[in-house]
Amino acid sequence: MILLRIVLKSAWHRRTSLLLTILSIAISVSLLLGVDKIRKEAKNSFINTISKTDLIVGARSGPTNLLLYSVFHIGNATNNVSWESYEDIASSEEVAWSVPISLGDSHRSFRVMGTNTDYFTYYQYGQGQTLNFAQGQAFTDVYDAVIGADVAQALDYQLGSEIIIAHGLVSTDFAAHDDKPFSLTGILAKTGTPVDRTVLISLEGIEAIHVDWQGGARSGIELTAEQALKMDLQPKAITAFMIGLTNRINTFRLQRTITEYEEEPLMAIIPGATLAELWQTIAVFEQVLLVISGFVLIAGLLGMLTMLLSTLNERRREMAVLRAVGAHPYHILLLFVLETVFIVFIGYLLGMGILYLLLALTQSLLVESYGVNIAITPPDAQQWILFAAILLLSVLVSLVPGLIAYRRSLQDGLAIKV
Amino acid sequence: MSARVIHLQDVRFRWPGQEVDLLHIPDLVVNKGEHLFIQGPSGSGKTTLLNLLTGINLANSGSVTMLDTPLESLSSTRRDQFRADHLGVIFQQFNLLPYLSLMENVQLPCGFSARKRNNAGDMRATAMRLLSHLSIPETLFNQSVSKLSVGQQQRTAVARALIGNPEIVIADEPTSALDSANRNRFMELLFQETEEQGSTLVFVSHDQQIAEQFSHVVDLNQINQSQFNQPQFNQMGYELS
């Protein structure tokens with residue numbers, strides 16, 4: 001008890017340097033915990049981009065490529081899937097639902113995706129959340145469009161706004177489907193997925209704007225929007241499609257059936273598995289970041305050690321006085337251990353406090369501008385283990401000055417050497 | 001308890017690796033209530049003797065008996081506890097912990113010894129009484145130590161050494177940092193308080209003027225039979241300080 005009081009009073013006496021040490025520990029702890037938090041949330045957000053979809057089917061290429069263009073809208077499909085193959089596979093008895101998607105056009109650098117209204121029912125992200133409309137509703141007419149939250153914010157669109165879709169991914173005046181404007185019927189709520197940056201229209205809409213095009217350029221015949229509506233707008237090909245199974249046990253069997261499909265070269269991927277695979281390649285950076293923050297923490301602890309060692313000499317009198325009134329050398333050792341644990345304990349708590357404060361302050365900002373929802377949760381088991389490990393490490397660090405003082409107090413005895 | 005408070009018999013001490021004894025005291029007795037003055041220049045083994053008396057170091061041979069307890073029969077932890085319970089120590093200077101108030105400094109020994117705690121009774125009242133007896137102005141009691149003059153610091157150290165009625169008070173040149181007016185006042189108060197408590201005083205100094213005030217004076221150079229100090233060189237040929 002008396003030792004604890006001495007530690008606190010002595011620490012208060014040297015509060016300036018101790019507070020700086022505590023602050024440096026706190027900052028390195030909040031950095032380490034922050035990186036850990038963001039790493040876990042980023043992984044979560046990434047892995048949860050698509051959920052409850054059992055298979056994604058597209059033209060045969062690499063699994064990562066298929067995942068990237070169908071879900072993340074990055075890169076392009078090498079080939080299309082014919083409508084016949086889609087209907088054939090979608091009608092298999094294992095398939096509970098399927099949603100076709102058609103990519104390739106853009107609107108002011110946002111991707112345009114053709115699909116049907118099933119997309120709003122079956123596409124799920126996170127822990128099985130479906131898409132919600134912030135305003136309006138799904139498309140019903142061929143020239144209706146729905147946009148993601150980011151598109152609405154970036155382009156400041158309202159319901160009823162007119163949208164001109166560009167042919168291909170580069171918007172130029174030459175390749176604009178400006179003769180067939182779309183009208184905005186719905187704006188989706190923020191999801192934190194690539195859907196936020198997508199313009200959604202019906203497959204028939206995609207057909208309609210391409211009905212008088214051939215091989216990436218206007219054909220000689222020009223059809224007005226009304227004339228196009230009278231054409232057969234049944235799509236002949238799509239880019240990919242998503243499948244939900246009646247029983248997930250059939251996943252691998254259907255995957256093999258699709259891979260061995262004879263009519264055309266197709267492939268099917270299990271989104272979760274491919275996402276995890278893709279994450280592995282990104283994970284290196286995340287680990288590097290974690291290692292760096294680990295080193296920052298070690299630097300903080302070393303700074304504390306320097307501070308403790310530098311006070312050793314001036315505290316020599318203090319030790320002799322304590323010895324004179326009956327303190328054992330292990331009391332002296334304990335003095336350093338207690339002080340160090342105290343510093344690190346306060347530093348860790350302060351670090352957590354800083355992190356939570358920052359998260360609370362930036363949470364809404366992060367959701368709004370990046371769609372990353374960082375949940376403020378109590379420290380998980382791993383972080384408590386880290387806490388215990390750092391406390392243990394601080395005890396080890398404190399043994400350095402502690403044992404020096406211990407040895408000196410044995411040698412010095414009551415003689416005060418200054 | 002016998003009248004012999006301190007009894008050294010054929011005590012020899014040397015640091016590990018030394019060839020010659022640093023200290024060899026055939027016989028030294030201090031009786032209860034006695035004020036013993038040990039004189040000797042620096043290097044004569046005063047610090048070593050104090051470390052032996054306080055149980056910080058153990059003699060290589062012989063016996064250091066304090067209050068009928070042979071210190072060599074105690075473990076190091078027990079010796080520390082013995083020191084906490086039965087001894088009060090006053091240093092040359094820097095006696096006080098800078099981060100504690102005067103009152104806290106005086107009460108410090110009670111934190112390490114249940115015996116002193118019991119003897120002191122109401123710790124705060126006892127500490128205040130001791131400080132007033134030692135002419136410390138009451139306004140300073142709860143102040144930081146840095147507000148004190150050197151003379152006041154040394155008198156506060158006496159209060160700390162005396163709290164809880166230790167049987168033995170050991171003072172290591174406590175007046176060396178004081179001017180003569182302060183020194184006389186310090187000695188007067190030290191005698192007065194130790195006599196009032198019936199404590200035995202062992203006072204180590206090289207100051208001849210103070211020696212005159214003591215009934216029992218011992219010259220360390222004379223009682224120390226060690227050959228160490230006669231040739232002032234060790235085997236390496238370096239002069240020892």
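**Briefing: chains A and B**

In chain A, buried residues make up 37% of the 418 residues (buried: 20 or more other C-beta atoms within 10 Å of the residue's own, with C-beta atoms placed from the backbone). This is a predicted model, in which local features need pLDDT of at least 70 and side-chain atom pairs count only at pLDDT 80 or more, while totals for chains, interfaces and linings use all residues. Residues are numbered from 1 along each chain as its sequence is written, and chains are lettered from A in the order in which they are written.

**Chain A overall**
- Chain A holds 13 helices and 16 strands (DSSP runs, H or I of at least four residues for helices and E of at least two for strands, numbered from the N terminus).
- The C-alpha trace of chain A spans about 105 × 45 × 30 Å along its principal axes.

**Where chain A touches chain B**
- The contact takes 17 residues from chain A and 24 residues from chain B (contact: C-beta atoms, placed from the backbone, within 7 Å).
- On the side of chain A, α1 (2-13) and α11 (316-324) are the elements that give two or more residues.
- Of the elements of chain A, α1(A) gives the most, with 5 residues.

**A helix pair in chain B**
- Helix α6 (residues 150-162) of chain B packs against helix α7 (residues 180-197) of chain B at an angle of about 10 degrees, with the axes 10 Å apart (axes are lines fitted to C-alpha atoms over the stretch in contact, and angles run from 0 to 180 degrees between N-to-C directions).
- That angle makes α6(B) roughly parallel to α7(B) (roughly parallel: under 35 degrees).
- Residues making this contact include V158(B) and L162(B) of α6(B) and F186(B) and L189(B) of α7(B).

Terms used:
Parallel < 35°, antiparallel > 145°, perpendicular 65-115°, else oblique. Contact = placed C-beta atoms within 7 Å. Buried ≥ 20, exposed ≤ 12 C-beta atoms within 10 Å, placed from the backbone.
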